[in-house]
Amino acid sequence: MTAARDRLFLLRPDWIDQDRPWFCMACAAVEGFLGYYPAVREALDVAYLPYPRPRRPVADLLGEANQNLPMLILAEPFAHPDLREGDLNEAGGLWFATNEGPITRVLAARYRVSPPHP
């Protein structure tokens, strides 16, 4: 049996809205972090989801109100002095971070790589 892993959900690039393709700046920032630290990427389960809502499985895990992407769902609770108030939230018994700042701070602390400069 394998240990549970942290799960990262990102929007696929080039999704269509308003009749043109787009990418998510916050997802791109998290991708950049993962490019700096490929070992962190390898430690995560990463999934790319389409733009339209509901964004399954995130909405299934955290509820309809918590399906913004990017989204990091932790395998277990986590605390670290580098984390800020509000970096982690809880829904349905799961701890999660959304948006590039909280996600990169959590990943840096959890996987012991350099944190983003304040």
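In the predicted model, D87 forms a salt bridge with R105 (a side-chain nitrogen of Lys or Arg within 4 Å of a carboxyl oxygen of Asp or Glu), with the closest N and O atoms 2.8 Å apart. The pair links distant parts of the chain. D87 sits in the loop between β5 and β6 (89-91), R105 in helix α4, and 18 residues separate them. Helices (H or I, at least four residues) and strands (E, at least two) are DSSP runs numbered from the N terminus. D87 counts as buried because its relative accessibility is 2%. R105, at 15% relative accessibility, is also classed as buried. The classes are set by relative accessible area: buried is under 20%, exposed over 50%, and partly exposed in between (1.4 Å probe, protein chains only). The side chains of R105 and D87 are also joined by a polar contact of 2.8 Å. A polar contact is a pair of N or O atoms within 3.5 Å; within protein, one must be able to donate a hydrogen and the other to accept it, and residues adjacent in sequence count only if both atoms are side-chain atoms. Around R105, contacts (heavy atoms within 4.5 Å) are made with D82, L83, R84, D87 and P116, leaving aside residues up to four places away in sequence.

Residues are numbered from 1 along each chain as its sequence is written. Because the model is predicted, local features need pLDDT of at least 70, side-chain atom pairs count only at pLDDT 80 or more, and totals for chains, interfaces and linings use all residues; side-chain values use heavy atoms, with hydrogens and water left out.

The whole structure contains six salt bridges. Side chains of opposite charge can pair when their charged atoms come close. One of the six joins E31 to R41, with the closest N and O atoms 2.4 Å apart. E31 lies in helix α1 and R41 in helix α2 (residues 38-43), so this bridge ties together parts 10 residues apart in sequence. E31 is partly exposed at 26% relative accessibility. R41 is likewise partly exposed, with a relative accessible area of 28%.

R56 forms a salt bridge with D60, the closest N and O atoms being 3.2 Å apart. R56 is partly exposed at 38% relative accessible area. D60 counts as exposed at 53%. R56, D60 and E64 are linked in a network of salt bridges.

R56 also takes part in a cis peptide bond, with P57, at an omega of about 5°. P57 is in the loop between β4 (45-49) and α3. Another cis peptide bond joins L69 and P70, where omega is again about 5°. P70 lies in the loop between α3 and β5.

Positive phi values occur at non-glycine positions. Q18 has a phi of about 55° although it is not a glycine. Q18 is in the loop between β2 (15-17) and β3 (20-22). Its relative accessible area is 63%, so Q18 is exposed. R112, also not a glycine, has a positive phi of about 55°. R112 lies in the segment after α4. R112 is exposed, with a relative accessible area of 77%.

The largest nonpolar core has 32 residues. Such a core is a set of buried Ala, Val, Leu, Ile, Met, Phe, Trp, Tyr and Cys residues joined through side-chain atoms within 4.5 Å. L8, L34, L62, M71, L72 and L107 have the most contacts inside it. At least two core residues come from each of β1 (7-11), α1 (25-36), α3 (58-62), β5 (71-73), β7 (94-98) and α4 (100-111). L107 touches F33, L34, V40, L44, L72 and R112, not counting residues up to four places away in sequence. In soluble globular proteins, nonpolar side chains tend to be buried together.

Overall, the protein has four helices and seven strands. From the N terminus, the elements run β-β-β-α-α-β-α-β-β-β-α. The radius of gyration is 14 Å, close to the 13 Å that the globule rule gives for 118 residues, so the protein is as compact as a globular protein of that length. This radius is taken over C-alpha atoms, and the rule is 2.2 Å times the number of residues to the power 0.38. The C-alpha trace spans about 45 × 35 × 30 Å along its principal axes. Of the 118 residues, 36% count as buried. Residues 24 or more positions apart account for 61% of the contacts with a separation of 6 or more.
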